[in-house]
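This report describes selected features of a protein model. Please keep the sequence and the structure in view while reading.

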Amino acid sequence: MKRFLVILVIFYVVFVGSYAIRDLRTRPCEEIYVVTDGETLQSISTRCNAPFILVDNPHVLDTDDVGAGTVLTVKSYEF
């Protein structure tokens, strides 16, 4: 019985955790966006449907200027 409960808890954590991670990846982006470690302008632009991310952020002069903690203005567009 104890083994069954442990297996049940493991399955619960795995499946609920995967839904939570998917929700974080698909949630809409806020207008003010703080870049986290490992993100690029391309990945943020794709995820947030923001093709003009460089135009909307004149303080970013080059794509290499973006690092963790950089604050961006993100304007999402629906196509």
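This is a predicted model: local features need pLDDT of at least 70, side-chain atom pairs count only at pLDDT 80 or more; totals for chains, interfaces and linings use all residues.

Helix H1 spans residues 2–26 and contains Phe4. The relative accessible area of Phe4 is 53%. Because the cut-off for an exposed residue is over 50%, Phe4 counts as exposed.

Phe4 also belongs to a nonpolar surface patch, together with Met1, Leu5 and Leu8. The accessible area of these four residues together is about 480 Å².

## The largest nonpolar core

The largest nonpolar core consists of 12 residues. Among them are Cys29, Tyr33, Val35, Leu41, Ile44, Cys48, Val60 and Val66. Helix H2, formed by residues 41–48, gives the most to this core, with 3 residues.

Which residues of H2 are buried? They are Leu41, Ile44, Ser45 and Cys48. These residues lie on the same side of H2, because they cover an arc of only 100 degrees around the axis. In general, an α-helix has 3.6 residues a turn, so residues three or four places apart point the same way.

On the other side of H2, Gln42 and Thr46 are exposed. The buried residues of H2, by contrast, pack against strand E1 (32–34), helix H3 (53–56) and strand E2 (71–73). After H2 comes Asn49, which has a positive phi, near 55 degrees.

Note on methods: Residues are numbered from 1 along each chain as its sequence is written. Side-chain values use heavy atoms; hydrogens and water are left out. Patches are made of residues with over 30% relative accessible area and no salt bridge: like charges are joined within 9 Å, nonpolar side chains (Val, Leu, Ile, Met, Phe, Trp, Tyr) within 5 Å. Accessible areas come from the Shrake-Rupley method with a 1.4 Å probe; for residues, only the protein chains shown count as cover. A salt bridge is a side-chain nitrogen of Lys or Arg within 4 Å of a carboxyl oxygen of Asp or Glu. Helices (H or I, at least four residues) and strands (E, at least two) are DSSP runs, numbered from the N terminus. Buried means under 20% relative accessible area, exposed over 50%, partly exposed in between (1.4 Å probe, protein chains only). A nonpolar core is a set of buried Ala, Val, Leu, Ile, Met, Phe, Trp, Tyr and Cys residues joined through side-chain atoms within 4.5 Å. The arc is that of the directions from the helix axis to the C-beta atoms. Contact means heavy atoms within 4.5 Å.
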